[in-house]
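Please open the model in a viewer and keep the selection panel at hand.

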Amino acid sequence: MRIYVYVHNRFPDAALVSWQESPATITCTSYSEHENRELRNVMRNLLGRQASGRCLLSQHVGPEDLGFALAIAMRTATLGLSFSVLVVGKGNLEGKLAFSSPPYQFGQVARRYQCDLILMPMETKTSFPQIRRCSTVFDAIRQLLAYKPGPYGGQYPLRHVHGIETAKRALLLSLAGRLHLLLVGPPGCGKTFLLSEAADFLEDTVDFWVRSSMSAKYLLEHRVFSLVAGGRLILDELPSLQKTVLGAVRTEMDDNPDLLVQAAMNPCPCAATGQQGYTCICSEREKRQYWHAVGIPLLDRFDLKVRLRPREDWSTHIDTQIPDWKERMNRCLSHRPALQMCSQTALKASRSIDLGQLTPRGRLSMARIALTIAEWDGKMTVDQSCLAEAMAYRSFRLDEEN
């Protein structure tokens, strides 16, 4: 991500900020020792800790002008964001972004440097499509992670995902009902592609992909679980993640009702199960160890668990597109079922379906799924088909073969 600092006294200029991590105390190569001391004080207040690293500027700006942009550069360096941001304002000693003098024509500066977003203080009164208002570094990072260019122009986001209709429906229910989702399938069946294409369903929300190199300490220090509140935490290649990360995610799934977790994994260590033209060479013990690396407690917290079966007759396949998906999504999100309604639905389901195989958590989860299905399909009540489909998502066996 390219981060620019608005230069107040040299319109229409902006300074490009580059940051390199190093163990030494933070310094700016173009600053005097006095300016570097000022920069360290600003950064300490913005970040809440002593910073380290080396900063490069395309042109000279003051320490207060640089501080907020540099703090963002440090916090987003490992996130792989690919757009440009213009920061208008100064980082003050209260740890906030504020104006010192009114900025002029910042829109022209943003266009000149092809910036996708403009970060400005909360007290900004002007109206501009690219503006994102923020006061702290934490607020700014939330705005950056929530930004999506929207390449489809309002069209159905999954129109490029062909086949795997069961998985696509499960994804829609997961987004609409804030239901945790786990996709299991061989490489190439569309798990990761499906999760990435779903980014346009929820506007102004944060998607955060957890990588295998990240630790629980990294997630907690960068306040990832707070950043993705209302958005999605995506765990691709679930068994490859560190155990501390899986434990932290499991805890947050219980404690944070605004957190939505969507994950994907292969069916076995060699990933050949269900893969056409390949034979699985894993022993039963290796398969059990593979699944237990994820942990039964974490698996039980996923509401929707789906095995992707890519083998199908493409000559007779017809893609299902939903023209009113926005209305359905908004309706489901605004009518999320309460605990009492889930309990009543589970009690109703027990009279017609054998729920003995489900844990108490599983019964409430099944009820939430059934209620979401009814809301998504526009049904007045939860009927037998809703309950049957919900049970299919919950009746997931680890030892099932594709």
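Which residues does Leu97 touch, not counting residues up to four places away in sequence? Select Leu97 and display its surroundings: the residues touched are Phe68, Val87, Val88, Gly89, Lys90, Gly91, Leu119, Met120, Pro121, Cys134 and Ser135, where contact means heavy atoms within 4.5 Å. Leu97 belongs to strand 7 (residues 97-98). Helices (H or I, at least four residues) and strands (E, at least two) are DSSP runs, numbered from the N terminus. Leu97 is buried, at a relative accessible area of 3%; buried means under 20% relative accessible area, exposed over 50%, and partly exposed in between (1.4 Å probe, protein chains only).

Two remarks on conventions belong here. The model is predicted, with local features requiring pLDDT of at least 70 and side-chain atom pairs counted only at pLDDT 80 or more, whereas totals for chains, interfaces and linings use all residues. Residues are numbered from 1 along each chain as its sequence is written, and side-chain values use heavy atoms, leaving out hydrogens and water.

Next, zoom out to the whole chain. The C-alpha atoms fill a box of roughly 75 × 45 × 45 Å along the principal axes, and the chain contains 15 helices and 14 strands. Of its 402 residues, 51% are buried. Among contacts between residues at least 6 apart in sequence, 74% join residues at least 24 apart.

Select Leu66, Leu70, Phe208, Leu233 and Leu238. These residues have the most contacts inside the largest nonpolar core, which has 75 residues. A nonpolar core is a set of buried Ala, Val, Leu, Ile, Met, Phe, Trp, Tyr and Cys residues joined through side-chain atoms within 4.5 Å. Helix 2 (residues 63-76) contributes the largest share of this core, 8 residues. A second, separate core of 50 residues includes Leu158, Leu358, Ala370 and Val382.

Return to Leu233. Beyond four places in sequence, its contacts include Phe208, Val210, Val224, Phe225 and Val228. Val249, Leu259, Leu260, Val261 and Gln262 are also touched by Leu233.

Move to helix 12 (residues 325-334), where Trp325, Met329 and Cys332 are buried. Seen down the helix axis, the buried residues of helix 12 fall within an arc of 70° (from the directions from the axis to the C-beta atoms), so they line one face of the helix. These buried residues pack against helix 5 (165-177) and helix 14 (360-376). Turn the view around: Asn330 and Ser334 are exposed on the face turned away from the buried side.

Select Ala390 in helix 15 (residues 384-394). Ala390 is buried, at 0% relative accessibility. Apart from neighbours within four places in sequence, Ala390 is in contact with Met366, Ile369, Ala370 and Ile373. Ala367 is 23 residues from Ala390 in sequence, with 7.5 Å between their C-alpha atoms.

Finish with two backbone details. Arg178, in the loop between helix 5 and strand 10 (181-184), is not a glycine but has a positive phi of about 55°; Arg178 is buried at 8% relative accessibility. Ala271, in the loop between strand 13 (260-265) and helix 10 (284-294), is not a glycine but has a positive phi of about 65°. Ala271 is buried, with a relative accessible area of 11%.
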